[in-house]
Amino acid sequence: MSSLTIAIASGKGGTGKTTLATTLAQVLSDKRAVSLLDCDVEEPNAHIFLKPVIERRETVEVPVPQVDEQLCNGCGQCDEICQFNAIVTVSGTAMVFEQLCHSCGGCVRVCPQQAISERQKNIGQIEYGHSAAIQVVTGTLTIGEAMAPPLIRAVKDNAAAADITIVDCPPGTSCPMITAVHGCDFAVLVTEPTPFGLHDLRLAVDTLRQLEIPFGVVINRADSGDERVCAYCRTEKIPLLAQIPHSRAVAAAYSRGDSILDAMPQLRDTLGALPEEITRLTRSSQ
Amino acid sequence: MKIAISTSGTDLQAPLDQRFGRCAHFLLYDDDSGDFTLVENSQNLNAAQGAGIQAAKTVADSGAQAVISGHCGPKAFKVLDAAGIAVYPCQAASVAEALDLFKGGKLTAAANADVEGHWV
């Protein structure tokens, strides 16, 4: 089969994205080359379960402006063009707030005094490693940094090609999640059958529909709540890909950082069938 | 001297807004004449980020030399500090009450931001 990139996303945090992503990687890597990209860069945790041997690390930098106060005349054109309030002119000179900067370079271009240049700022690092046959690539945002998207893009761009690439996404529906799901062939939305799970699932569904990325739903801890998530998926004609039962044995394995496959061996068949199902759904959505 | 007071209203009896960056207006009070004007800040209400920075610039451009607000975060404080504007944190209920405390010397200028920064 051709290569397939699957985003594992959710609206709500803590629904089991990483559990599903790492378990899916383990199941599929028996027969295929699998990469797992941990794009939840604010709190990457797939390595806890996959325990990769790290082979290489690299830092990721973004350009941010620096102002030569001798040349700056406080004209305010940088301030005007910045859509993120990252540069402001006050008392006759421009002041930079690097953490708000989206590295567009607009201020550098508009400055009539050539007073603004760019310097590279470290925002995080990427670790490359293997866990058995699985290539594991982990992005980790430097503490205190707010710009996750450039690091997420670097993780996705720098990973080696594989038959199946699994992207463990950040929760929510804001820029980091959108950056992580962007360009993926399919998104699996992991949810739980609770009011919060349903509420945030709706947000994620709306987001993916706007992005025109085909998707399906996996319900985790399936018998712990009520029927509303199932009913919602039926009404919205969203494919329900799998239901993972609520299980004390799975929770115990998870709490130790172990694979949940030993606690729930039947997942091998359920998850092993996902790529074919996803390929079918991806084709039918085109 | 002109003093900018964050408020959700439009006159001296209006509530003091605890938020600096995302208040609706600054009431710009001239303590020599006792007159005031309003400076619009509603353009910052829906800013994705950097509301405090822009509010601080607005205050600096208004010619104020002091700010009275509930709280002031680190980025806004940095801009106000660069502009030489003193920040007086205050828990008064109304603009008038805040001005009375200020005139009576009951408010102390902050040496630093009094709350943590935040992103969105």
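Student: How many salt bridges does the rule find across the interface of chain A and chain B?
Tutor: This is a predicted model, where local features need pLDDT of at least 70, side-chain atom pairs count only at pLDDT 80 or more, and totals for chains, interfaces and linings use all residues. Residues are numbered from 1 along each chain as written, chains are lettered from A and ligands numbered from 1 in written order, and side-chain values use heavy atoms, without hydrogens and water. A salt bridge here is a side-chain nitrogen of Lys or Arg within 4 Å of a carboxyl oxygen of Asp or Glu. Across the interface of chain A and chain B, the number found is one.

Student: Which residue of chain B forms a salt bridge with Asp79(A)?
Tutor: Look for the place where the closest N and O atoms are 3.3 Å apart. The partner of Asp79(A) there is Lys57(B).

Student: How much area is buried between chain A and chain B?
Tutor: Start with the contact (heavy atoms within 4.5 Å), which takes 16 residues from chain A and 14 residues from chain B. Buried area is the accessible area (1.4 Å probe) that the two parts lose on being put together, summed over both. Carbon and sulfur atoms give 67% of the area buried between chain A and chain B, which is about 1,300 Å².

Student: Which residues of chain A lose the most area to chain B?
Tutor: You can pick out three residues that together make up 40% of what the chain A side buries. They are Asn85(A), Phe97(A) and Leu100(A).

Student: How far apart are the C-alpha centres of domain 1 and domain 2 of chain A?
Tutor: The domain bounds come from an automatic or database assignment: domain 1 covers 4-60 + 124-284, and domain 2 covers 69-114. Four residues of domain 1 of chain A are in contact with four residues of domain 2 of chain A, and the two domains bury about 280 Å² between them. Their C-alpha centres lie apart by 39 Å.

Student: Which residues are closest to the centre of the largest cavity?
Tutor: A cavity is a set of points on a 1 Å grid over the protein atoms alone where a 1.4 Å probe fits but cannot get out, and lining residues have an atom within 4 Å of a point. Of the 15 residues that line the largest cavity, the closest to its centre are Cys72(A), Cys75(A), Cys78(A), Cys111(A) and Ile116(A).

Methods. 1 Å grid on protein atoms, 1.4 Å probe; cavity = no way out; pocket = protein on both sides within 12 Å on 5 of 7 lines; lining within 4 Å.
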